[in-house]
Each structure stands twice: as structure tokens, then as C-alpha cells.
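Subject: Structure handover

Hi,

Here is the structure for you to look over. My notes on what turned up follow below it.

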Amino acid sequence: MNEDRKTLEQRAQMTDLERLRHSASHVMATAILKIWPEAQFAAGPPVENGFYYDVDLPHRISPEDFEKIEAEMKKEIKANHPFEKMEVSRDEALDLGKKGRLAGLSDRKEPSKFKIDIIENIPPDEKISLYRNGDFIDLCAGPHVMRTGNIGAFKLTSVASAYYKGDENNPQLQRLYGTAFKTRKELDEYFAMLEEAKKRDHRKLGREMEIFVFDDDVGPGLPMFLPRGAAIAEELEKLAKETEFAAGYVRVRTPHIARESLYKKSGHLPYYAESMIPPKELRETADSTGQELNDSTRYYLKAMNCPHHHKIFAALHPSYRDLPLRLAEYGTDYRYEKSGELFGLMRVRSLQMNDAHLYMTPEQFESEFNAVNEMYLNYFKLFGIEKYLMRFSTHDPSKLGQKFLNEPELWKQTEEMTRNVLKNSGIDYVEVPNEAAFYGPKVDVQVWSVIGREFSIATNQVDFGQPRNLNLRYKDKDNTEKIPICIHRAPLGTHERFIGFLIEHYAGNFPLWLSPEQVRILTIGDDAKLVDYSMSILKELRAHQVRAEIDKSTDQINGKIQRAEQLKVHTMFVIGKRDMDVGAVSVRVHGKGNLGAKPRAEAIGEILLSIKERRP
Ligand SMILES: [Zn+2]
Ligand SMILES: [Zn+2]
């Protein structure tokens, strides 16, 4: 089967934009044939952000050809040909293929070899349809827009090579990519967003702003936060700790490793084994009470904090009066991601997670789940995240016992419960089948940065599996032992991904409270009294926990300002003799320029207030 061939069901679900983009691929093929009539086409699906068509052609298409192809496409769009559907028998389709008529403008000497192959792989019970626009006839199941004129604005973007059906034993084809939108305005906005995204790329800014680094001796996917990055991480932890404390969470601390038996009991093994770093065998000569023994056990680096937290829950022997119990930890986890899949801070092997596990009775579920959602929304407001989407992932009953715990009743109950809470809370959400965690339904949160880049940063999961597997119990009012429901939640995701997101979201221009360097003092000249005055200001700022530095170089003031601006230092106190004489500082804010002189106490007071209130 063709790797790109969509099922009829998937095709029926194509969005308007995907239809438009797929239609544009027919128009692109038409244009290529006008220039190179011998071109042979394979598959031309819509893809994320655009479309492509695979073509076999002796001429190597290069970006210099794009203008020529686009000009032909424009003619085809201007002609406003309808996309006409024709249903044909298998024999009729094969016949046209032999005459080179499929994905062609007329009969040709060479048969339409790829189209013939595709026809031969279409299931016998599936109808075969052709689509025609102008002279171009293609084998296609659709759907398309009504007419070529409906393709509002398009652009060819790149050309790559690809094997037919993705198999390297097959011929290599040229894959020509383009994108299309309903309007010119949307197309322009898309390219402007790409441009801006390039400038904001967290890997580029992360290096320039000295936020994080990778080292070959440490290993791929294992980022180290430099002092400036650690400052951001510490601020985020402070925020999380304050927020969670106010919401009644308590903090715990757990080791980074655990025995294999823990993950077997929790149910992570074998389901999750492939995502864990392979275990290490350790010889044991004593058990946890000091009793002599001769044994060896496999230890895993933890990939998640839940099993440790569950053990803490068990150790506390809670009764219903102790619930809900909310255990929080910024846990460090390790996951095995293939090296080819690692990407900056977004896909890594070590992660520090804003984790917590909430244990509750069924009656407490609604208010706990709502409180968690509220916490998410408050964070979004704080960070100026205006666009977000909650994806409610449910199980697929046909995969019970494989991908999902074999507990059909519990799946039904918890999914029902979660769906009701989401509905009652009025939060926008979409339901996605077959994407639940193996132990219960979950809500993933996708957010969009100010420039429209999408990130999946947070999850909120309902767990009925692990508390059962680990035999967690609380004593209820009637003195019976009951299994708690558990919610896993991580609104700030991991430091790695969230900081990567924030760098791009803010383009490195962090608000004062989050800025790696909040204030830098720049003196004009090196007069001893001036240096003393500047040092006393530095001391005062640091005494108030402000991340302040002083530029000790002997450079001219313009050079000092330039360096601070490059590092995107939030506020600069420029201090000259005139400032000193009246006990003032000249305030300069990154991106805003000179704000003029202010009395020292006032300038410092404003800094402290802005940090305290976490102003945007
Ligand atoms: Zn088509
Ligand atoms: Zn968890």
C-alpha cells in the first residue's frame, strides 16, 4: 500500500484547508506537465502546513524553476476549471494508465507507471475515481475544492527527494512542496510567522542569551542550564511552589532510581519499557532493614514520579479525613528518546517536571479536577498565553489489554466523569480517541505562543490503574478500605520544554520577574566615588534578592549598553556623576530605551514591586 494513501474515512475528514491544499497539488502537477510533459507523478497529499507531489522527471527541479511553475499554476487557477469527478471501472482506469493519460494532459508514449501500481493496490471493493481539471486527469479519491479558482493564494516552498512509497528499493523521486491558503493575507501571515519563528528559535536565542548548553561528553538530549537558564528555572519553581502551597499541596522528595519491581507493580513495565533508560543490575548484600542477603536486582532511572509518590501515599496510611492528599515534587526524570528524535529543549532525555499527584475520593473528583484546570488557566494568564486547547484523550475499546488496561467498566466511568467535568466547566476542549494513557483518560493542553507556534506542554491525567496495581487504600467513613482516584498533573510541564516555549513566546524578552539578569549597573567612567555609589546600589539590590550585576569593564558607556542589550538584560541603571550627586540613577529598559533619571529609592522600589507582582 502507498504510505500516503489515506483511508476513505480519513479523506472524508479532510478539513477545508486540506482540500484546498490537496487541490493545489493537482494544479501544481498540471503546471509541471505544461513545462515537462514527460513528468510521471506518484502521490500528492496535503501535509501539515501545505502539500507536495512526488514526481519522476529527468530534469532536476530547483528553486530557480519555481517562478516558472508558479506562473503556469496561476494560469490554471485563473482559468477556473471545475474539478470534475469520474467514476470508472478498474479496467478503464488501467487502460488510461497504459496510455499515459493518468496524471497527464493527454495520451503519452510512456504509461503512467506509478498510477498503475497504485490502482493495482486499491482494495477490490473500493470504487475507483478520477478527477479532471482542464486537460489534467488524475487518479484520485478526492475530495477537492469546487474549482481551481477557489485556491486563493499559494507558493512553492522547497524540493527534496523521496523514495516511491518510502522504500529505498524503489526509484527515487523529486518531492516538490508548496503551501496554499484561502487568502493572500493568510499566506503572507504564515511566511511572516516562519520568519519570526526563525528569529525566536529557542536553540538560537538559548545560545546567544547563555541559557542552556549541550556537551558531547555529557550526551545528546541532556541539556545543562547555565546560570542564566537556572535563574529562569528557579523562578518557575518558586512560582509553582507558592501556587501549590496556596492550593493545599504538600511537597515530597524522592530518589532518581528504583527497583524494577516498583515499575512492574505500577504497571509501567512492560507497557512503558521502551521509553525508559535500560536498567542497571546491582548486587545487594543487605535488604532495606540491614538483613544480610545475597541477591541482585535491576534498577531503573525513573521516567516518571508517580510510583514513588504512590509509595509515599501508602506509607502515610491516610483515612478519608486526610483526602484529598496532594503530593508535589519538581521531579527529575530520564526517558529514552532516540537520538534522531531529540530536538533542542523540546525533546530531551532528562526532564525536570512540575509534577504532583492528587489522591481523592470519587466525591472529591469534580472539585479537584476543576481546581487543577483553574490553575492551568491562571498560569496561562500570567504568561500571556491567549490561545490554548484542551485535548481530552480517551481509550480505544479494541485495544484493551494491549495499549490500555483491560478494565472496560473503569474506563467508561472515568471517561464519563472527566467529560462531565469538562462540559460543566465550560472550557473549550476536543475529544481524541485512542490517545489516553494506559492507566486512564487524560487531558493534554496545547498552547500557542504569541507568534502562533503550537506547543504541547501540559497534561492532566486521571488514573484508576496505578492505585489499584500498587494496592493503595484509604480508610473510609464506614471503616472499609477503598481505592483512591489519582490525578497526575503538570501545568508547567517540564523546565526543558516550558523554558524552550517561553524563550520563543517572549522572543527572549522576559518580563522582569523571569529575567535571567534583572538589573545591570553601568557606570559612566571609573571615578572611585562613582564606583562606590554603584556598588552600594548593587548591594542593596542583591540584599533584596534581585539578580543584579555591574559591568566592571573600562569600555565607553555605549559599549556597555550594547552588551547588556544583546543579552536582553531587562533593566539598566546608567549612573554618571550627575546621578550620583543627587542620589539618582538613569533607568533604561531593554526594548524601551531611556526612561530618564529617578531617585535611587524610587527606581529600586519599582523594581521590587514589579518582581513581587510578577508583572508582565
Ligand atoms: Zn486529488
Ligand atoms: Zn504521574
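Two strands count as paired if DSSP finds at least two bridges between them. Please keep in mind that this is a predicted model.

**The cores**

Which residues touch the most other members of the largest nonpolar core? They are Tyr-359, Ile-457 and Phe-498, in a core of 59 residues. The elements that give two or more residues to this core are helix H8 (227-246), E15, E16, helix H12 (365-382), E19, E20, E23 and H15.

Ile-457 is worth a look on screen. Leaving aside neighbours within four places in sequence, Ile-457 is in contact with Val-445, Val-447, Gly-493, Arg-497, Phe-498 and Phe-501. A second, separate core has 41 residues. Ala-31, Phe-51, Phe-136 and Phe-154 are among them. In soluble globular proteins, nonpolar side chains tend to be buried together.

Another open sheet has 3 strands, in the order E4-E5-E6. The pairing here is antiparallel. Strand E4 (84-88) and strand E6 (136-139) stand at the edges, each with a single partner strand, so one side of each has no neighbour in the sheet. The twist averages 25 degrees from one strand to the next.

E4 and strand E5 (residues 128-133) pair over 5 bridges. Val-88 has Ile-128 in E5 as its bridge partner. H2 packs on this sheet and touches E5 and E6. The direction of H2 makes about 125 degrees with that of E6.

Helix H2 (residues 16-35) also meets helix H3 (residues 66-78). Their axes come within 8 Å and cross at roughly 115 degrees. The crossing is right-handed. On the H2 side, the residues are Val-27, Met-28, Thr-30, Ala-31, Ile-32, Lys-34 and Ile-35. On the H3 side, they are Lys-68, Ile-69, Glu-72, Met-73, Glu-76 and Ile-77. By class, this contact has 8 nonpolar, 1 polar and 4 charged residues.

**Val-519**

Val-519 is in strand E24 (residues 519-523). Is Val-519 buried or exposed? Val-519 counts as buried, because 26 C-beta neighbours lie inside 10 Å and the cut-off for buried is 20 or more. Leaving aside neighbours within four places in sequence, Val-519 is in contact with Leu-541, Val-546, Ala-548, Thr-571, Phe-573 and Ile-607. Glu-244 is 275 residues from Val-519 along the chain. The C-alpha atoms of the two are separated by 29 Å.

Best wishes

How values were computed
Residues numbered from 1 in each chain as written. Chains lettered and ligands numbered in written order. Predicted model: local features only at pLDDT ≥ 70, side-chain atom pairs only at ≥ 80, totals over all residues. Helix = DSSP H or I, 4+ residues; strand = E, 2+ residues; numbered from the N terminus. Buried ≥ 20, exposed ≤ 12 C-beta atoms within 10 Å, placed from the backbone. Contact = placed C-beta atoms within 7 Å. Axes fitted to C-alpha atoms, helices over the stretch in contact; angles between N-to-C directions. Left-handed = near helix turned anticlockwise from the far one by under 90°. Nonpolar A, V, L, I, M, F, W, Y, C, P; charged D, E, K, R; others polar. Core = buried A, V, L, I, M, F, W, Y, C linked by C-beta atoms within 7 Å.
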